[in-house]
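Hi,

Here is the structure I said I would pass on. Have a look at it first, and my notes on what turned up follow below.

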Amino acid sequence: MDEITHNSLLGLQLPELAHLVEEFGQPSYRARQLFEALYRQRVESADEILTLPQDFRRRLAEKGLSVGRPVIERKFVSSDGTVRYLVACADGQTVETVWMPEGDEGETGDGSDAGYQSDVMARTWQRATICVSSQAGCAVDCQFCLTALLGIKRNLTAGEIVGQVCAVLSDQGVSPPLVRVNLVFMGMGEPFLNYDNFMKAVRLLVEGVGISEFRMTVSTAGIVPRIYDLGAETVRPKLAISLNASNDDSRSRLMPVNRKWNLERLISAARDFPLRNREKLTFEYVLLDRVNDSAENARELVELIRGVRAKVNLIALNPGPGIAFRTPAQGRVLQFQNILLSAGVPSFVRRPRGRDIYAACGQLKRTVELAPAP
Ligand code: SAH
């Protein structure tokens, strides 16, 4: 896997760049120059790094070393301002990255983005969220998710994960920390099945690109051992867990991963997760009409997560071809939410973003055929 992109500079940490610079017989401060150029300035080619002597740039090219940033191949713009990017890696593998201006209620998680004005949004958004992919395809096979239909193609490298963010920031012409950018690792793939590359990308995004880890959220389908690993990290995103069911029976049917790590183990990991000051865990719950959205399910959910410092993001199913479930009516969604709220569980109904261009949760499928051309 590493072979594909080991010629990329993007994805290398400062010590790795220092090593490289030394191998080329260059002074050690060149490592910092490279680091700044790759992550802060976000160059697309080494030729743009004017702080480096021409001769050094030429020798990098001769050795086959390039920036290796994934390339934006297609771009679909939704009527709500969301942009879905089809991004191509060096080996031709494509993934999707989504740009959501003006927050996104659910992903940000606390409902603080509710003051959304669609008529002026295109020009006046104050912040944005980028939804990042961690794998090409996915192995987890959740029954309601379009990405699952692809199967797993491969893990993304740290450079490819960071590169999605760099490509989208450059396309949008924004630079953190000047502009408030949130990241959610909720695109294609299961980040916790590509844990090391994912965490390396997080550190580069914090140290290099300049996005605070407190503005990042990673979502997992429930890879329990990695939840403990994440809790032990000194620098880490916030954690979201895709629950999607209120009992084992239902969850094992909807998410086969539950047969490996059941709700008891998953909720134990959630309870054990060392939350920081004022931090909350997020549980995501996709509502499927008459499958997991009854009043009884809501009460079961309340009991299941009792005592966990958490909020619940409710997502009414985003439909897609080949998905055998229906979207519940608004009334059922609100009934479900009200039961949680009455029990004192903070819960939010996530507004779907970019459904018309297949950019919403569970709709990412590396697809050009599903959405109308812009
Ligand atoms: N694999 C990770 C990261 C992907 S996040 C995870 O499962 O958490 C994608 C989120 O979208 C998950 O919370 C998932 O439950 C949700 N989702 C999947 N398919 C969906 C659909 N069709 N409609 C709405 N949400 C969906």
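Before the helix pairs, one bit of bookkeeping: axes here are lines fitted to C-alpha atoms, for helices over the stretch in contact, and angles run from 0 to 180 degrees between N-to-C directions. Also keep in mind that this is a predicted model.

With that in hand, take helix α8 (residues 224-231) and helix α10 (residues 263-272). Their axes come within 9 Å and cross at roughly 5°. Angles under 35 degrees count as roughly parallel, and α8 and α10 are therefore roughly parallel to each other. On the α8 side the contact uses Val224, Ile227 and Tyr228, while α10 brings in Arg265, Leu266, Ser268, Ala269 and Asp272. Sorted by class, that contact of α8 with α10 comes to five nonpolar, one polar and two charged residues.

The other pair is helix α6 (residues 158-172) with helix α7 (residues 195-209). Here the axes come within 7 Å and the crossing is at roughly 40°, which makes α6 oblique to α7. The crossing of α6 past α7 is right-handed. From α6, the contact is made by Ala158, Ile161, Val162, Val165, Cys166 and Leu169; from α7, by Asn197, Phe198, Lys200, Ala201, Leu204, Leu205 and Val209. Eleven of the residues in the contact of α6 with α7 are nonpolar, one is polar and one is charged.

Now the ligand. There are 18 residues around it, and the ones that come nearest are Phe144, Ser219, Ser242, Asn244 and Asn318. Where does the backbone come in? A backbone N or O atom of phenylalanine 144 sits 2.8 Å from a nitrogen atom of the ligand, and a polar backbone atom of asparagine 318 is 2.8 Å from a nitrogen atom of the ligand. Serine 219 uses its side chain: an N or O atom there is 2.6 Å from an oxygen atom of the ligand.

Finally, two backbone details to check when you go through the loops. Proline 176 and proline 177 are joined by a cis peptide bond, with omega about 0°. Proline 177 is in the loop between α6 and β7 (180-185). The other one is arginine 290, in the loop between β10 (281-287) and α11 (295-304). Its phi is near 60°, a positive value in a residue other than glycine.

Cheers

How values were computed
Residues are numbered from 1 along each chain as its sequence is written. This is a predicted model: local features need pLDDT of at least 70, side-chain atom pairs count only at pLDDT 80 or more; totals for chains, interfaces and linings use all residues. Side-chain values use heavy atoms; hydrogens and water are left out. Helices (H or I, at least four residues) and strands (E, at least two) are DSSP runs, numbered from the N terminus. Angles under 35 degrees count as roughly parallel, over 145 as roughly antiparallel, 65 to 115 as roughly perpendicular and the rest as oblique. A crossing is left-handed if the near helix is turned anticlockwise from the far one by less than a right angle, and right-handed if clockwise. Contact means heavy atoms within 4.5 Å. Ala, Val, Leu, Ile, Met, Phe, Trp, Tyr, Cys and Pro count as nonpolar, Asp, Glu, Lys and Arg as charged, and the others, Gly among them, as polar. A residue is near a molecule or strand if one of its heavy atoms lies within 4 Å of it. A polar contact is a pair of N or O atoms within 3.5 Å; within protein, one must be able to donate a hydrogen and the other to accept it, and residues adjacent in sequence count only if both atoms are side-chain atoms.
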